[in-house]
Amino acid sequence: MAHPRSLTSSLSFSRVPGWRFVPGIALCGAISLAAILAENAQVRLAGHAWLGDLVIAIVFGVMLRSFTRLPEATGAGIKFSAKTLLEVAVVLLGASLSLSILKGAGGLLIFGIAIIVGLSLIGSYAISRAIGLEPKLAILVACGNSICGNSAIAAAAPAIGAKAQDVASAIAFTAVLGVAAVIIMPAIPGVFSMDAVHYGLFAGMTVYAVPQVLAATAPMGAVAVQTGTVVKLIRVLMLGPVVTTLSIIHGRGASGRLDLQRMVPWFIIGFVLMMMARSFGLIPNIALAPISGLANVLTIMSMAALGLSVDIRSLRHAGGKVIVAATASLLLLCALSVGLIAIAG
């Protein structure tokens, strides 16, 4: 007959498959809920959110890690949330994109946007390295600046094996610059005599997130909003090719040969398949909002996990350089965008 204690031990929840992830995932979920509530509170009080839930989740996670001692039981779930949940979120992000947006844009404009994104990636990386950022952090800053801010950083991070501190630094300062750009942007048409189309093109090329593009272009009317949104979505479509390219580059081992397991990660394949499914109408319209919502929640949870993995001392050490690199990169993107406007006429 089994001893009562051994029987109790054998029935312990800690022995249930997957149970070791639960405490950490629950902690990330709690932080995510707090971040979402904090963003909603800003909207109710001020009419808009100064800091988005992704940034708030990172800040809350860093603060909790810095000022408390996390239970050891949360470790596995935090790591799972920072990696696997983030990869699942990237896959689901593909459902929010459709190749149909390319039909409404001319081939020359699409080509021009692709060239600007490429030049911005190269220039931003060069600037970041010259300032002294480590290569992977420089890549994250370049991706965030050139494509779509937080989402691009979050998607590129697992492809290059970036550290949690690097992801947190890039997202925090890119987000701050994104907010600053939205505040300053509405003054640009008057100063530089831009019409609605040109201003929409400029905003779509330089503002990081789609909601920020909407906020920045709304004062100039529907034409600016439509132009800015289309240009921004074309920039977002560059995310798949860029992250795939990064995966191939970072899939090379010490021998210089391609590591097929890392060359094209599963989440990039999933991202492309989801985008194709959306493009060919295989995803019902009624499912798009829930998928988008789930992707957003998983991304917030992964950002909370990254915050919980960050040593605030290393964040503080990299902070000044990241601010300078991100600001200089944004100014470069603005200059390139003005050039595109001049060429487009």
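Here are some friendly questions and answers on how the features of this predicted model get their labels.

This is a predicted model, in which local features need pLDDT of at least 70 and side-chain atom pairs count only at pLDDT 80 or more, while totals for chains, interfaces and linings use all residues. Residues are numbered from 1 along each chain as its sequence is written, and side-chain values use heavy atoms, with hydrogens and water left out.

Q: Why is Glu-87 called buried?
A: Buried means under 20% relative accessible area, exposed means over 50%, and partly exposed is in between, with a 1.4 Å probe and protein chains only. Glu-87 has a relative accessible area of 6%, so Glu-87 is buried. Across the 345 residues of the chain, 45% count as buried.

Q: What makes Glu-87 and Lys-83 a salt bridge?
A: The term needs a side-chain nitrogen of Lys or Arg within 4 Å of a carboxyl oxygen of Asp or Glu. For Glu-87 and Lys-83 the N to O distance is 3.1 Å, and the two side chains meet in a salt bridge. Both residues lie in helix H4, four residues apart, about one turn of the helix. By this rule the count comes to one salt bridge.

Q: Why is the pair of Phe-21 and Phe-80 called tilted?
A: Rings of Phe, Tyr and Trp (its six-membered ring) pair if their centres lie within 6.5 Å; planes under 30 degrees apart count as stacked, over 60 as edge-to-face and the rest as tilted. The structure holds one aromatic pair. The ring centres of Phe-21 and Phe-80 are 5.1 Å apart and their planes stand at 45°, so the pair is tilted. Phe-21 sits in the loop between helix H1 (4-10) and helix H2 (22-46) and Phe-80 in helix H4 (residues 75-93), so the pair ties together parts that are 59 residues apart in sequence.

Q: How do you know whether Phe-21 is buried or partly exposed?
A: Phe-21 has a relative accessible area of 22%, so Phe-21 is partly exposed. Phe-80, at 26% relative accessibility, also counts as partly exposed.

Q: What makes Met-238 buried, and which residues does Met-238 contact?
A: Met-238 is at 15% relative accessibility and therefore counts as buried. Met-238 is placed in the loop between helix H12 (222-237) and helix H13 (239-249). Contact means heavy atoms within 4.5 Å. Leaving aside neighbours within four places in sequence, Met-238 is in contact with Ile-110, Ala-114, Val-117 and Ile-147. Met-238 and Ala-114 are 124 residues apart in sequence, yet 7.3 Å apart in space, C-alpha to C-alpha.

Q: Why does Gln-42 count as buried?
A: The relative accessibility of Gln-42 is 17%, so Gln-42 counts as buried. Gln-42 is in helix H2. Not counting residues up to four places away in sequence, Gln-42 touches Gly-47, His-48, Ala-49, Trp-50, Leu-51 and Ile-56.

Q: Why is Met-63 called partly exposed?
A: Met-63 is at 43% relative accessibility, so Met-63 counts as partly exposed. The place of Met-63 is in helix H3 (residues 53-67).

Definitions and conventions
Helices (H or I, at least four residues) and strands (E, at least two) are DSSP runs, numbered from the N terminus.
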